[in-house]
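Please have the sequence and the view open as I speak.

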Amino acid sequence: MDDVGQSIGAAGLALPDLPPAVPERRGGLRVGLALGSGAARGWAHIGVLQALTEAGIEPDVIAGCSVGAVVGGCYAAGKLDRIETFARALTKRRILGLLDFQFGRAGLIGGERLRALLDRDLGPYTVGDLPLRFAAVATEIATGHEVWLTQGSLVDAIRASYALPGILEPLNSGGRLLMDGALVNPIPVTLARALGADIVICVNLNGDPRTRGTVIPAHGCPRAPPAPATSAAGWWARLQARRALPEPGLARP
C-alpha cells in the first residue's frame, strides 16, 4: 500500500511537507471550507456544497474530517453528483451489504467493500493532483497526534479519516496506524487556515447544546451539611442549600 502524505498538526511541531501556498485569487480572498464529522448526518455536507455553488461561491481549499473528508474529497475530484446518488440510494439492506464483518482484527468491519466503492470513482486521484487544495484529518493511534493528509492516494486519505476506532480497521501508512480524525479535530478550521484560506466556512453537524457536559456549581467550594434524605422535605432542603453556594470562579462582593 502506498504511503499517504502526512503532516503532524499538533502545536509546536513543524509542517515541512505542506504543499506550496495557494496562489492569490484575482480580485478576492481565498475561501476555505471545513467539513466536520457527523456520521450519517455528514451527507448534509452535500447540500451545503450545492447551496454554495448556487450562490456562486467556489472554495479554493477544502479540509475534511471523517464523513466530511468523504464528501469534500468527492467534491474536490468533481464527483459530488456521484456521492449524492450513492447517499440517496442507501437503504438498510444496502448498508448491511457494505459491512464485511471480521473477528480477531483491529476493527469489526474490514472496510474493503467501502474501499471498492471509493476506488471505482476516486482510485486514479492523488491529493496533490486535485484541481483545488484538499486535505483530510486523521489521528495516529500510538501517539494521539493530529495528522494532516496532504499528499498521496486520495482514497487512502479519506479511509484514514473515517476509520472509526473499534468499528473500521485503521489504515497503516508508513508504519503509522491512522484512524478517525474526529478524535482530535472534528471541525478542521485550523487545517483550512494552514492551507491558505483567508475566510473559512465551517460546517458543524455536532453542535447540539444538549450534549454539553454537566456544570457542577459546588466544585471546589465548601459543602453544606447533608440533610436527611428520608422525605421530600429533606430533598428540598438539600436543593436549596446547593443553590445558596457561590458559583466557582466568582468572588462575592
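This is a predicted model: local features need pLDDT of at least 70, side-chain atom pairs count only at pLDDT 80 or more; totals for chains, interfaces and linings use all residues.

In strand β2, V31, L33 and L35 point one way while G32 and A34 point the other way, and all of them are buried, where buried means under 20% relative accessible area, exposed over 50%, and partly exposed in between, with a 1.4 Å probe and protein chains only. In a regular strand the side chains alternate between the two faces of the sheet. Because five of the five residues of β2 are buried, the strand is largely enclosed by the rest of the structure.

Residues are numbered from 1 along each chain as its sequence is written, and side-chain values use heavy atoms, with hydrogens and water left out. Helices (H or I, at least four residues) and strands (E, at least two) are DSSP runs, numbered from the N terminus.

Which strands pair with β2? Strand β10, residues 199-203, pairs with β2 in the parallel sense over five bridges, and there A34 stands opposite C202; two strands count as paired if DSSP finds at least two bridges between them. Strand β3, residues 61-65, is also parallel to β2, over four bridges, with G64 of β3 as the bridge partner of L35. From β2 the chain crosses through α1 to β3, and this β-α-β crossover is right-handed, meaning that, with the strands pointing away from the viewer, the path from the first strand over the helix to the second runs clockwise.

Turning to helix α2, residues 67-76, we find a mostly covered element, with 10 of its 10 residues buried, among them C74 and Y75. After α2 comes G78, whose phi is positive, near 75 degrees.

Finally, consider T139, which is found in strand β5, residues 133-140, and which counts as buried at 3% relative accessibility. A polar atom of the T139 side chain lies 2.9 Å from the backbone oxygen of D180. Leaving aside neighbours within four places in sequence, T139 is in contact (heavy atoms within 4.5 Å) with several residues, including G144, H145, L177 and V184.

Notes:
A polar contact is a pair of N or O atoms within 3.5 Å; within protein, one must be able to donate a hydrogen and the other to accept it, and residues adjacent in sequence count only if both atoms are side-chain atoms.
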